[in-house]
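Reader: Can we go through the aromatic side chains and the core in this one? Structure first, please.

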Amino acid sequence: MEKLRIVFMGTPEFAVGILDTIIKSNYEVVGVITVADKPAGRGQKLKYSAVKEYALANNLTLLQPTNLKDETFLTELKSLNANLQVVVAFRMLPEVVWRMPKLGTFNLHASLLPNYRGAAPINWAIINGETKTGVTTFFIDDKIDTGAMILSKETAIGPEESAGELHDRLMDLGSEAVIDTLSLIENGKVSTTIQVDNADIKTAYKLNKDNCKIDWHKSASEIHNLIRGLSPYPAAWCYFKDNGEEWNVKLYDAKVMAESHSYSVGQIITTKKEIKVAVQDGFIQILSLQLPGKKKMAAQELLNGVSFSERAQAE
């Protein structure tokens with residue numbers, strides 16, 4: 001049995017949950033690597049990553065390289081004398097970094113690999129209407145999310161579950177997977193499975209403005225999956241047009257109403273309490289949304305101050 005000396009690499013809140021579990025499981029974390037501080041918000045103040053906040057609060061040795069091949073950083077990393085590196089939601093590592101520790105470098109990915117390699121696995125699993133997903137640990141190689149798999153854990157996706165809700169559950173499941181992986185490595189019991197590529201593998205593409213826009217000509221279930229798969233961030237969006245005005249609107253919560261109707265696709269229908277948009281096979285009832293310059297609000301709250309004409313359209 002070999003005592004582990006771990007360097008942890010990560011950036012967002014998802015990674016914090018894993019790091020916290022490693023610490024609370026009494027593993028020795030000799031260093032934490034995260035991104036450099038970035039200006040954010042109207043005042044462009046420097047913003048710390050969630051992992052940096054955690055590392056500072058827990059007095060962990062912290063490195064924030066801007067260049068992972070920089071000789072000064074590599075010297076500092078080597079001086080930590082780690083024998084294992086754990087990566088969660090960080091960035092692609094150069095070979096000189098991932099080959100450095102004796103026991104290797106493993107990554108936790110929030111999908112059942114080889115499916116959903118890439119930047120947004122949680123979102124795309126929901127957007128594509130998957131009924132199950134999970135997490136996978138694997139040893140890093142020179143490509144993105146393609147290394148030899150160590151173990152995976154599976155979970156069902158609820159029919160109304162949002163990306164935010166699934167994110168939190170996968171953080172807990174990922175924590176279990178990382179601790180189990182550490183135990184296998186510590187006890188010299190790791191066996192790996194090589195990922196096999198095939199034409200049916202689905203990719204977790206980076207999210208952008210175009211692939212987050214709602215196409216109201218798609219089916220109600222596809223639109224519903226897009227909305228919940230992008231909630232709460234970055235949020236599905238569309239235009240509301242009425243009386244010569246146009247608003248860029250974010251939608252956070254919706255439900256499918258499977259009804260036949262004679263409305264045109266995209267037509268907005270409102271009552272005093274309800275906003276719904278006509279689609280080919282029913283309606284999408286909008287439960288919460290955000291207009292430009294406004295806070296996120298329930299549909300009924302919006303209707304208390306805004307009224308739509310019969311010509312209102314979602315595009």
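Reader: Is Tyr-205 buried or exposed?
Author: Tyr-205 is exposed, at 52% relative accessible area. Buried means under 20%, exposed over 50%, partly exposed in between, with a 1.4 Å probe and protein chains only. This is a predicted model: local features need pLDDT of at least 70 and side-chain atom pairs 80 or more, while totals for chains, interfaces and linings use all residues. Residues are numbered from 1 along each chain as its sequence is written, and side-chain values use heavy atoms, without hydrogens and water.

Reader: And Trp-124, buried or exposed?
Author: Buried, with Trp-124 at 11% relative accessible area.

Reader: Why is the pair of Trp-124 and Tyr-205 edge-to-face?
Author: Their ring centres are 6.1 Å apart and the planes stand at 85 degrees, so the pair is edge-to-face. Rings of Phe, Tyr and Trp (its six-membered ring) pair if their centres lie within 6.5 Å; planes under 30 degrees apart are stacked, over 60 edge-to-face, the rest tilted.

Reader: How many aromatic pairs by this rule?
Author: The count is 5 aromatic pairs.

Reader: Which residues cluster with Phe-240?
Author: Phe-240 forms one aromatic cluster with Trp-247 and Phe-308. Phe-240 is buried at 1% relative accessibility, and Phe-308 is buried at 13%.

Reader: Now the core. How many residues has the largest nonpolar core?
Author: The largest nonpolar core has 74 residues, and Val-86 and Trp-216 are among those with the most contacts inside it. Such a core is a set of buried Ala, Val, Leu, Ile, Met, Phe, Trp, Tyr and Cys residues joined through side-chain atoms within 4.5 Å.
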